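Welcome, and thank you for opening the viewer. Let's walk through this model together, one selection at a time.

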Amino acid sequence: MTDCLFCKIAKGEIPSDIVYQDEKMIVFKDINPQAEVHLVGIPREHYINIVELTHENITLAQYFLSKMAEVGSKMSGGNGIDNGQFKLLFNTGEKIGQSVFHVHAHILAGKINEDARV
Ligand code: AMP
Ligand code: ZN
């Protein structure tokens, strides 16, 4: 999708601090972190939310979810942060707090801001 922020990040047209990437997906640091570790993971392909992704491409959804669990588990291990303990969440819909309409999962680990939006 031409006018999508996360499509642009996936294509490298907008810079991001990448922690994991492969041919199907990319995980980068959230620009406005709400926790000691706050990452955002996206499939490179554009789907508006996790419901659409699961409905339209279950194979990619399964790959994405399992890879996010793996990245979350690894990334929450460093800097004295408790090993393998993290939140994995999808804001789905504007009223619940989704602001970018390209499916993404947040990984939050370590100390989380008390007034975190996510
Ligand atoms: P959500 O509010 O669930 O739609 O999450 C979107 C997330 O993307 C927010 O936590 C933003 O801080 C984050 N975000 C927006 N723009 C960027 C960017 N250019 N690089 C990294 N993270 C971003
Ligand atoms: Zn997109």
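Predicted model: local features only at pLDDT ≥ 70, side-chain atom pairs only at ≥ 80, totals over all residues.

The elements follow one another as α-β-β-β-α-α-β-β. The radius of gyration is 14 Å, close to the 13 Å that the globule rule gives for 118 residues, so the chain is as compact as a globular protein of that length. If you turn the model along its principal axes, the C-alpha atoms fill a box of roughly 40 × 30 × 30 Å.

**Next stop: the ligand**

Select ligand 1 and centre the view on it. Where does ligand 1 sit? Its place is the largest pocket. Around it you can pick out 16 residues, and the closest are Asp30, Asn91, Ser99, His104 and His106.

- Asn91: an N or O atom of its side chain is 2.8 Å from an oxygen atom of ligand 1.
- Ser99: here the backbone takes part, with an N or O atom 2.6 Å from a ligand oxygen atom.
- His106: a polar atom of the side chain lies 2.8 Å from an oxygen atom of the ligand.

On its own, ligand 1 has 500 Å² of accessible area, and the protein covers 89% of that.

**Last stop: the shell**

Which element gives the largest share of the shell around ligand 1? Select helix H1, residues 5-11; this helix contributes three residues, the largest share.

To finish, colour the shell by residue type. You will find six nonpolar, seven polar and three charged residues around the ligand.

Note on methods:
Residues numbered from 1 in each chain as written. Chains lettered and ligands numbered in written order. Heavy atoms only, no water. Near = heavy atom within 4 Å. Polar contact = N/O pair within 3.5 Å; in protein donor to acceptor, adjacent residues only side chain to side chain. Areas by Shrake-Rupley, 256 points an atom, 1.4 Å probe, with all protein chains shown as cover. 1 Å grid on protein atoms, 1.4 Å probe; cavity = no way out; pocket = protein on both sides within 12 Å on 5 of 7 lines; lining within 4 Å. Sits in = over half its atoms within 2 Å of the grid points. Helix = DSSP H or I, 4+ residues; strand = E, 2+ residues; numbered from the N terminus. Nonpolar A, V, L, I, M, F, W, Y, C, P; charged D, E, K, R; others polar. Rg over C-alpha atoms; globule rule 2.2 N^0.38 Å.
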